[in-house]
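Please have the sequence and the 3D view ready as you read.

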Amino acid sequence: MSRKSHDKTQVHELLYQALETEMGGIKIYETAITCAANKDLREEWSEYLAETKGHRKTLLRVFEQLGLDPDADSPGRKVVAHIGNSLVEAMKLARKAGNAAAAQLVAAECVTQAETKDHLNWELIGHIAENTTGKLAAVLKTAHEEVEGQEDHHLYHTKGWCRELWIDALGFPAVLPPPEEIMNVGTAIGAARAENRREKMLGAEA
């Protein structure tokens with residue numbers, strides 16, 4: 001199968017969305033931390049907040065190297081900003097209701113949704129780096145290598161927290177911190193293994 005040339009306009013669109021996702025992610029983590037009743041989760045999200053600020057700096061460097069205006073608008077960027085603001089407002093609404101456990105669970109769901117988009121952005125940035133050449137490939141490859149591991153950690157660990165917090169809320173035995181934390185998961189395969197091992201972990205604690 002012959003390789004198609006990349007769509008420059010759409011590559012730039014992805015980068016604008018990625019930058020907006022990181023900017024929104026900072027606000028999302030700042031709000032999520034105020035909803036985190038679990039000390040371990042609060043510490044985890046504080047670490048992710050610092051890393052997300054670093055990811056924003058990485059993308060700003062990408063924009064500078066590629067000669068892009070980081071303040072420019074795009075249709076997709078506006079949508080990403082709207083979704084990010086909506087997640088922040090959802091957490092504030094849950095916190096205002098006065099149920100700390102419920103607010104923490106809403107925050108975990110909101111972070112998971114935000115990190116799903118963020119993880120996809122960086123997967124696609126890595127795909128561009130692997131399938132193009134020249135300056136674009138070099139710039140994106142460096143950025144992707146800096147961020148990829150942390151993005152995997154953010155998504156899989158927060159999904160684990162969200163699952164276990166829900167299980168706990170439903171009245172079933174939960175593994176907290178989740179197996180993803182205990183096993184230091186950093187891949188999709190690792191996340192699947194962690195989820196499969198949770199019953200054994202519960203049995204060991206009994």
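## The largest cavity

In this predicted model, the largest cavity holds about 60 Å³ of space, and a search of the whole structure finds 1 cavity of 30 Å³ or more. As a general idea, rolling a probe the size of a water molecule over the atoms shows where empty space is left.

Which residues line the largest cavity? The lining is made up of T21, E22, G25, I28, Y29, T52, V111, A114, E115 and D118, and by class these residues divide into 4 nonpolar, 3 polar and 3 charged. Two or more lining residues come from each of the elements α1 and α4, the latter spanning residues 100-131, while α1 gives the most, with 5 residues.

## How α1 packs against α2

Two packed helices are described by the angle between their axes and the distance between the axes. Helix α1 covers residues 8-35 and helix α2 covers residues 39-66, and their axes come within 9 Å of each other, crossing at roughly 160°. Because angles over 145 degrees count as roughly antiparallel, the crossing makes α1 roughly antiparallel to α2.

The crossing of α1 and α2 is left-handed, and the contact between these two helices has, by class, 17 nonpolar, 4 polar and 5 charged residues.

Definitions and conventions. Residues are numbered from 1 along each chain as its sequence is written. This is a predicted model: local features need pLDDT of at least 70, side-chain atom pairs count only at pLDDT 80 or more; totals for chains, interfaces and linings use all residues. Side-chain values use heavy atoms; hydrogens and water are left out. Axes are lines fitted to C-alpha atoms, for helices over the stretch in contact, and angles run from 0 to 180 degrees between N-to-C directions. Helices (H or I, at least four residues) and strands (E, at least two) are DSSP runs, numbered from the N terminus. Angles under 35 degrees count as roughly parallel, over 145 as roughly antiparallel, 65 to 115 as roughly perpendicular and the rest as oblique. A crossing is left-handed if the near helix is turned anticlockwise from the far one by less than a right angle, and right-handed if clockwise. Ala, Val, Leu, Ile, Met, Phe, Trp, Tyr, Cys and Pro count as nonpolar, Asp, Glu, Lys and Arg as charged, and the others, Gly among them, as polar. On a 1 Å grid over the protein atoms alone, a cavity is a set of points where a 1.4 Å probe fits but cannot get out, and a pocket is an open set with protein on both sides within 12 Å along at least five of seven lines; lining residues have an atom within 4 Å of a point. Grid points are joined across faces, edges and corners, and a volume is the space filled by probe spheres set on the points.
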